[in-house]
Amino acid sequence: MSTFQAFYITENDDKTFSQNIIERKIEDLPAGEVLIKVQYSSLNYKDALSSTGNRGVTRNYPHMPGIDAAGVVEDSHSADFRQGDKVLVTGFDLGMNTSGGFGQYISVPAKWVIKLPKGLKAKESMIFGTAGLTAALCIDKLLQNGLTPEKGKIIVTGATGGVGTMAVMILAKLGFHVVGVTGKPEGRGFLLKIGAKEVISREEVDDKSIRPLLKGIYAGCIDTVGGNILATILKSMQYNGLVAICGLVNSPQLPTTVFPFILRGVSMFGIDSSECDIEWRKKLWKKLAKNWKPSNIQSIIKTVTLKGLPKEIKEILKGGQIGRVIVRL
Ligand SMILES: NC(=O)c1ccc[n+]([C@@H]2O[C@H](COP(=O)([O-])OP(=O)(O)OC[C@H]3O[C@@H](n4cnc5c(N)ncnc54)[C@H](OP(=O)(O)O)[C@@H]3O)[C@@H](O)[C@H]2O)c1
């Protein structure tokens, strides 16, 4: 009977949650079509919520989080995958209510699994992870709707976070003039180094006036934070500005009016990386393996083992992470 190491969350009698590293049996994983030996995972905001008992993400405990995993197929009941295939899984139910990538094995449906594209190593795929895929989905949506570097500046919020960092780097690689928004004093140097042309503070995009519109500055936006920051950016979009939204770390509320949409023709697109079409994902993973891959992605990571996760989870919940945390299994 084979066992493996897992980062395991249990609920205590007093309704608090504990994080421990335990030995689990492969036989105890859910029956799936593809058994994968996980080499790398990564830490996303959602993992931190799942690891601290957030029932909006994970209904039942005990639980093994980790919405991302990359590794090698160990056993497959699907004609699409063979033992030894290098693969990755992000999103769907992985790490939410299905045992996730914070363990040395996962067992998942074949339709969740993507073959690692040529040009991308397992570790690199987890540097992108859900954060990179989400950034890529946002960017692709804006490009599909006509955004080009010539149209003007693009603003990225939560810019030193996982999705934000990836968005800044990919957009810079594609030739955009990127304006990063950060709440961290030390974020400025980091963002300029990874390709932002300008860096502004959160306060500069947190308009408390009741003005329906502000000066139109931005042609595009990738927003990871929501709340009044997103509302301020909507007022600051140029005519026909394009906004892709994916997150809520500032607030799930959006205190806006219809004016940016009906007077400036602004369009806003919602992005969901966990259930989105697998063909769209495959297309974007190929881009991330080639012309969308920033040359400096190794420079924005911190690599930890399962033991290092509790400290990093606390940090991401405080909004304190810069770049991406990679988990080596
Ligand atoms: N829709 C999807 O499919 C999808 C996929 C991935 C993530 N998400 C969501 O996107 C968001 C970001 O995820 P992530 O993994 O990138 O998280 P992250 O690494 O924690 O990054 C979030 C960043 O937002 C900024 N921030 C933190 N607290 C803030 C506050 N109160 N107000 C304004 N800015 C704040 C911080 O950057 P600065 O210090 O630089 O401002 C922080 O580093 C989360 O809400 C996550 O759930 C959604």
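**Note on the predicted model**

1. With 329 residues, a compact globule would have a radius of gyration near 20 Å, and the protein agrees because its own value is 20 Å. The radius of gyration is taken over C-alpha atoms, and the globule rule is 2.2 Å times the number of residues to the power 0.38.

2. This is a predicted model, in which local features need pLDDT of at least 70, side-chain atom pairs count only at pLDDT 80 or more, and totals for chains, interfaces and linings use all residues. Residues are numbered from 1 along each chain as its sequence is written.

3. The domain assignment gives domain 1 (3-116 + 298-328) and domain 2 (130-270); such bounds come from an automatic or database assignment. The centres of the two domains, taken over C-alpha atoms, are 29 Å apart. Domain 1 gives 12 residues to the contact and domain 2 gives 13, where contact requires C-beta atoms, placed from the backbone, within 7 Å.

4. The ligand is surrounded by 33 residues, the closest being Gly 158, Gly 161, Thr 182, Gly 247 and Gly 319; to be near, a residue must have its C-beta atom, placed from the backbone, within 6 Å of the molecule. Both domain 1 and domain 2 supply at least three residues to this shell.

5. By residue class, the shell around the ligand holds 11 nonpolar, 18 polar and four charged residues. Here Ala, Val, Leu, Ile, Met, Phe, Trp, Tyr, Cys and Pro count as nonpolar, Asp, Glu, Lys and Arg as charged, and the others, Gly among them, as polar.

Notes: Contact = placed C-beta atoms within 7 Å.
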